[in-house]
Amino acid sequence: MTAFVTVRFQGPGGGPQAIEVRARAGETIVDAARSARVEIATTCGARGRCRSCRVRIHSGAIAPASVQDVVRLGSEAVREGFRLGCQARLVGDVTVEPMPPEDERGHQILGAGAAQARSGAAHGLDSGVEKILVAIPSTARRGESDHDALLAALPAGTSRQLPLGILRTLHARIREKAGLVSVTTFGERVIDLEAGDTTAHRYGLAVDLGTTTIAASLVDLASGESLASSAALNPQCVHGADVMSRIAFAQAAASHLQQLRAEALGALDEALRDCCEHAKVAPAHVYKIVIVGNPCMVHLLLGIDVASLGTAPYAPVVKDALVVQALQLPLKAAPRAEVCVLPAIAGFVGADTVAGLLATRLHESEGIRALVDVGTNGEVVMGNRDALFACSAPAGPAFEGGQIRQGMRSARGAIERVDGEDDVRCAVIGDVPASGICGSGLIDACARMLHWGVLGRSGRIRTRELSRLPPALAQRVQRGDGEARFVLAWAEEGGEDIVLTQADIRQLQLAKSAVYAAIAMLQAKADAAGDRLERVMLCGGFGNYLDVRSALAIGLLPPIAAQSVVYVGNAALLGAEMALVSETERALAGTIAARVEHVALGGSPAFQELYVQGMGFPVRPAALTRSEVARAAGS
Ligand code: FES
C-alpha cells in the first residue's frame, strides 16, 4: 500500500503563494517540487554535494537529516529545520519553504587542508583518514633506510610505527613508480601505502549490525557522499530470532561462539563487497568502518564471550568505544581498514542506540523527547540536553511475527496493513495472496478489531452479539482449535485462511505492554508525564512500518498527539555514517554514552505495575510520577 502525503510549498517567509501537491512517501522534497512545478535548483544533480536545493521545514514530519545534510548545512542549521531538498525523504504531510541557494562553502572546505578539516568546522569532513601523495627522491634513498626516507617525506608528527605488512612491501612499492607513493593515515598512524597516485580513493563503510538485519552504507570520505548501501538478513537468524537465543546458542558448545563470529564476519564482508561492487570501488580502498549494534551482536562479531549478557545483571564484557584493525577481525576484503565500534550504554542498550542519539541530536533538545526502537528487544531513550535516561524493553518476538500462529517477518506475502469499515481490507507486501501477518499488520489488525468492537478492552475476542456487526465482519469471528479467532484473509483470495487467534492477541498484549511500560518508566524518571513529553521518535526497521494511529490505539505508545510521533528511519545507521565522516562526531558518541543513565527494569515493582496496566486495550493509565516510582522501587 503506497502512502501518499501532502507537501505544501510555502513562499519565502511564509508568504501567500503556497502550492500543495500530493506525493508518495519516500520521495524527496525535490521530487515533490518537480511535480508541483516549484523551482528548486539541483546544481549537483541531487547528489547531496552542493547546497542549491536548501529548504526549510516549517511543520510536519520528515525523515531525519542525512549525513549530507549535516556536512553541507551544519548541525545548527539542521536543528533549525534546514534540509537538502534532494536528500529529505517524505514520511508525512509537511510544509516546506524553498530557500535561495547559498554559496558553496561545503565544497570549499572539502578542498581545504587536513588541519582545517580536523578542526571540526561545522561543515567540514573530519573522518580522520587522510591520503597524501609523497615523492621520495632517489637521492634520499641512497644510504638511508626506506623507512627513514618515507618518514622524512611525511608530515611531522606521523608515527614511526609502520605496520609490518607495509614494511614487508615498502622496498618494492617505493621503486614501483619512481618514488611516488600514496600514504594513508588514520590519526597519526600510517595504515596503507600504495605505489603511484591513488589519493582520489578513500572510502568508509557504516554498518548497523542488527539482530535481524545488517544494513551498510558506503561513503566517499572525501566528499561525504553516500555511494551505495546494502541490507541483508543477519545469517545468525537461523540460531534464533532474538538476542537471548543467540546467547544460548553461543553457550551450548565451545565452537558456537566462533561459528557466530564467522557468520557475522561473513555478512560484514559481503556487505562491504556488495557496496563496493555497486559503487565500482576497490574494497581495499575502504579505510574506516564504523560499526554499531546491540552489545550481543558487537561481542559476537569480535568473538568476545557473551555469557555475562545472558544472566543478571546483564553486564557486557566491554562497553567502551573500540578501534581494531580489520586484519585482526579478520576482515580480509579491506585489510587496511580501521574498524571503529561505537560505545554502548548497558548490556541491552548498545552502540546502535548511541548512534541513534547522535543522529537525532536528542542530547541537544530543549524539550523532552523519546527515541523508541520497537523490536524484539526494544530500546527507549528519553530526555533532553539536561538529562538522558535509557532502558531496554523486553518485548519478545511478536513484533517480528514470532509466537504468532501465522506470524512472519515483513516480507513478500505478509499482511502489513489492515483497514476497512464494513469489512476487512488488507494490504499484502508484494501484492500477492497473503501467507501470514507481520508486526505492523498485527498492530493494525488489533487497532481495527478494537474499532469494530470485535476485541474487548481486556483483549478478549468477542464471539457473542455478533449481529450488531456488519455481516462481512461477523462471519470472520469464529472458533477453532478451542479458541476464538478472527479471519483476516480467506483462502478463496488465493492463499489460505489467515487468522488472528486469541493466543496471538495475548502475545501482542505482552509485547506492547513491555514497550508501553518502558516508556512510562522513563516518563516518570524524566518527569515527562503528559504534555511534557514533546515528541516520540520511532526508529529502526519496524518503527518505519508502524502506523502511528494504530500504535496509539492499542496502547503501544503512551497517550500523545499523533502528530508528535515521527518516524526517524534507521537512525542507528545514520549515526554510524556521521561517526564515519567525522571524528568529532565519533568522540561525541562517547560523551553522549557517558551521559545516559541506564534504568534497569528487571525486578522493578514500578515497572511491573506499569506492565500490568499496559496489558489492556486501550491503555489509559497516567504515567507514574517520579515520587511514585521511587516509592514503588523502595517497596
Ligand atoms: S542538489 Fe545538490 S545537494 Fe541537493
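This is a predicted model: local features need pLDDT of at least 70, side-chain atom pairs count only at pLDDT 80 or more; totals for chains, interfaces and linings use all residues.

Q: Noted. By class, what does the lining of the second largest pocket have?
A: That lining has 14 nonpolar, 8 polar and 1 charged residues.

Q: And how much space lies in that second largest pocket?
A: About 510 Å³. The pocket is lined by 23 residues, and the closest to its centre are Y314, F348, N377, S392 and P394.

Q: Which elements each supply at least two residues of the lining?
A: Helix 9 (243–252), strand 17 (388–393) and helix 20 (605–613) each do.

Q: Back to Y314 and F348. What kind of aromatic pair do they form?
A: Edge-to-face. The ring centres are 5.6 Å apart, with 75° between the planes.

Q: Where do the two residues sit in the chain?
A: Y314 is in the loop between helix 11 and strand 13 (322–325). F348 is in the loop between strand 14 (338–341) and helix 12 (351–360). The parts are 34 residues apart in sequence, so the pair ties them together.

Q: How many aromatic pairs does the count come to?
A: The count is 3 aromatic pairs.

Q: Switching to cis peptide bonds. What does omega look like between A312 and P313?
A: Omega is about 5° for the cis bond that joins A312 and P313. P313 lies in the loop between helix 11 and strand 13. Y314 is also placed in the loop between helix 11 and strand 13.

Q: What about L329 and P330?
A: A cis peptide bond joins them too, with omega about 0°. P330 sits in the loop between strand 13 and strand 14.

Q: And A178, what is its phi?
A: Positive, about 55°, although A178 is not a glycine. A178 is in the loop between helix 8 (164–176) and strand 7 (180–186).

Q: Helix 11 keeps coming up. At what angle do helix 10 and helix 11 pack?
A: About 95°, with the axes 7 Å apart. Angles of 65 to 115 degrees count as roughly perpendicular, so helix 10 is roughly perpendicular to helix 11.

Q: Which residues make the contact?
A: From helix 10, L257, L260, R261, A264, L265 and L268. From helix 11, L300, L301 and L302.

Q: How do the residues of that contact divide by class?
A: They are 8 nonpolar, no polar and 1 charged.

Q: Now cavities. How many of 30 Å³ or more does the structure hold?
A: The structure has 1 of that size. About 90 Å³ of space lies in the largest cavity.

Q: What lines the largest cavity?
A: The lining is 13 residues, and V298, V318, K319, L342 and A344 lie nearest the centre.

Q: Where does the largest share of that lining come from?
A: Helix 11, with 3 residues.

Q: And by class, what does the lining of the largest cavity have?
A: That one has 9 nonpolar, 2 polar and 2 charged residues.

How values were computed
Residues are numbered from 1 along each chain as its sequence is written. Side-chain values use heavy atoms; hydrogens and water are left out. On a 1 Å grid over the protein atoms alone, a cavity is a set of points where a 1.4 Å probe fits but cannot get out, and a pocket is an open set with protein on both sides within 12 Å along at least five of seven lines; lining residues have an atom within 4 Å of a point. Grid points are joined across faces, edges and corners, and a volume is the space filled by probe spheres set on the points. Helices (H or I, at least four residues) and strands (E, at least two) are DSSP runs, numbered from the N terminus. Ala, Val, Leu, Ile, Met, Phe, Trp, Tyr, Cys and Pro count as nonpolar, Asp, Glu, Lys and Arg as charged, and the others, Gly among them, as polar. Axes are lines fitted to C-alpha atoms, for helices over the stretch in contact, and angles run from 0 to 180 degrees between N-to-C directions. Angles under 35 degrees count as roughly parallel, over 145 as roughly antiparallel, 65 to 115 as roughly perpendicular and the rest as oblique. Contact means heavy atoms within 4.5 Å. Rings of Phe, Tyr and Trp (its six-membered ring) pair if their centres lie within 6.5 Å; planes under 30 degrees apart count as stacked, over 60 as edge-to-face and the rest as tilted.
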